[in-house]
Amino acid sequence: MDKIMQISVFSENKPGKIEKITRIFSEKAINILAISITSTNGFGIIKLLVDKCDLAYQELQKAGITVSLSEVLAIEMKDSPGGMYEVSHILSKHGINIENAYVYVVESRTRAYLLVEVKDIEKAKEILAHEQLTFLNLKSC
Amino acid sequence: MKSSDSSSKHVFWQHAEETIEQNALNSLQLSCLRETIQRAYQHVPFYRTRCDEAGISPEKTNSLDDLKKLPFTTNDDLRAQYPYGLLAMPKDGAIRVHTSSGTTGKPKAILFSRNDIDNAANLIARCLVMTGTGKHDILQNMMTYGLFTGALVMHYGAEKLGVLVLPVGPGNTDRQISFMRDFGTTVFHITPSYALYLASVLQERGIDIKKELHLKRAYMGAEPYTEETKDKIERLFGIDVYNSYGLTEMNGPGVAFECQQKNGMHLWEDYFLMEIIDPATGEVLEEGMKGELVLTTLRREAMPLIRYRTRDITKIIPGPCSCGRTHRRITRILGRSDDMFVVRGVNIFPQQIERVLMSIPGVAENYQIVLDSYDHLTINVEISKNIFDGTIEHLLDLQAHIIDKVRAEILVKPKVALHEPGTLPISEGKAKRVIDNRTI
């Protein structure tokens, strides 16, 4: 399975951060595939799945933005009723806890990916390799 | 970090004066004190009135203890006597004025004669030699030149010793870096906030400080800072940092300075008489007790100051120092009676908070204390870039950890706001750490 990396950006609770990031992406022709924003206790974290991950990381760093890269599981699911249940059932069956999750929809009503952060990704990958699951391959997107 | 330059450990600028025996020192102090009172009494109406009221005259000064009969000289006195009120010689004997900025009202002006300037330079030469600096060194002076004493007094002292001085002043950081490279700077004189900023710029530019530059040591002063900040700066630059204590009213830098033992600052007792008092009652405290430093000039010609309240909180470190100097040491400044603020009835010094912040990994250099009410305070903290791993839990843990540690130190639970590195204001001079928005 491909290593899928997400970009995390630290954000203080004030306007302009998303604008700054998306302006950089727009200038560098980087496409955002999925985004999630969490905020708590006066600060937040923006997570992004993009098509050109390394370039995006470099450009954000260059702009002085506090950014990090981390691996996520990107598991294919049907974009129809029951799709997410099938995937989450398998995770639950193996006791894999979802720390954070968001969704990348490739073809509406047909195919989507569940982007999952887990504590021990290597172990999760090993377990899930034996299941009938399809993982995201960014080269084919 | 201990200096590796051990060969210079026992080098002195003025061996006899710096290692003077206690009795000889005391009799020297007494005769200098008499002269000081004499000069003040004769030329300064302000001091004549004070002496008369206290029943003191130069002839009646028989012991150093008699000094205690005189009232203190304060900030307000200096402002009230601005500009020439405390001048103890004809105006044509004064060759320099320095001022100390006041946040309100008139500044404080300090006048120097030629001998005063020379004495100030001499003390700096002692300090520099004491830390291992010699003629072969190249000093980049990043303090502000002008009315502020920090840069000029260091400049004169370094020149007296024969050091090559680069009078750059603060700011223009890229030029500072070029000069450091081009001239092979070995020593620099800097404020702690600017040192931290300089280190971050060097990092950003990808310069390997330890390989590409020739820095050996730095002198830091002009702003309060903690031992943790000093350690951090030593690590970042790979140098020895020496604490320097001074104030414009007493020449500026070089009043007290760390030797290579780095265990307190030797205060030059043949030039200044020191007392530690209880800031609330004015009572003189015993050696070793924490209180406000009070200084009397012993050699000042143009403007002698008697029992000047520095507002700086410190204590005397009893006992001899292994460097061989007999002048007693004071600890680093533990706080300023002026900086203290009150939240929920608790007295808090910003240095207490700084000390905690600098001891926590993951906290970057800049911080701010914001006071919006008398019930709570907010601390704005920058996270350091390398701790961010995209996990919200780690940041929440860091936030909680800062709150706990600060609360343990100041006994008030702060609000802590995490900020991105480089977003809090830094100043290339005296950093303003406490923002007090309260109205009484």
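This is a predicted model: local features need pLDDT of at least 70, side-chain atom pairs count only at pLDDT 80 or more; totals for chains, interfaces and linings use all residues.

Modeller: Residues are numbered from 1 along each chain as its sequence is written, and chains are lettered from A and ligands numbered from 1 in the order in which they are written.

Colleague: What makes B:Phe257 buried or exposed?

Modeller: A residue is buried if 20 or more other C-beta atoms, placed from the backbone, lie within 10 Å of its own, exposed if 12 or fewer, and partly exposed in between. B:Phe257 has 26 such atoms within 10 Å and is therefore buried. B:Phe257 belongs to strand β8 (residues 252-258) of chain B, where strands are DSSP runs of E with at least two residues and helices are runs of H or I with at least four, numbered from the N terminus. Beyond its neighbours within four places in sequence, B:Phe257 has contacts that include B:Cys127, B:Tyr242 and B:Met265, a contact being two C-beta atoms, placed from the backbone, within 7 Å. In chain B, buried residues make up 44% of the 440 residues.

Colleague: Which residues touch the most other members of the largest nonpolar core?

Modeller: A nonpolar core is a set of buried Ala, Val, Leu, Ile, Met, Phe, Trp, Tyr and Cys residues joined through C-beta atoms within 7 Å. The largest such core has 86 residues, and those touching the most other members include B:Ile124, B:Ala158 and B:Ala218. Helix α5 (residues 114-130) of chain B gives the most to this core, with eight residues. Apart from this core lies another, of 49 residues, among them A:Leu49, A:Val67, A:Val116 and B:Leu357.

Colleague: Why are α5(B) and α6(B) called roughly perpendicular to each other?

Modeller: Helix α5 and helix α6 (residues 149-161) of chain B pack at an angle of about 70°, with their axes 7 Å apart; axes are lines fitted to C-alpha atoms, for helices over the stretch in contact, and angles run from 0 to 180 degrees between N-to-C directions. Angles under 35 degrees count as roughly parallel, over 145 as roughly antiparallel, 65 to 115 as roughly perpendicular and the rest as oblique, so α5(B) and α6(B) are roughly perpendicular. Among the residues of α5(B) in this contact are B:Ile117 and B:Leu128, and α6(B) contributes B:Val153 and B:Ala158, among others. By class, this contact has 12 nonpolar, two polar and one charged residues, with Ala, Val, Leu, Ile, Met, Phe, Trp, Tyr, Cys and Pro counted as nonpolar, Asp, Glu, Lys and Arg as charged, and the others, Gly among them, as polar.

Colleague: What makes α10(B) and α11(B) oblique to each other?

Modeller: The axes of α10(B) and α11(B) cross at roughly 40° and come within 8 Å, and the pair is therefore oblique. B:Glu228, B:Thr229 and B:Lys232 in α10(B) meet B:Glu354, B:Arg355 and B:Met358 in α11(B). These residues divide into one nonpolar, one polar and four charged.

Colleague: How many residues of each chain are in contact with the other?

Modeller: In chain A, 13 residues are in contact with 15 residues of chain B. The largest share of the side of chain A that touches chain B, three residues, comes from β1(A). By class, that side of chain A has three nonpolar, nine polar and one charged residues.
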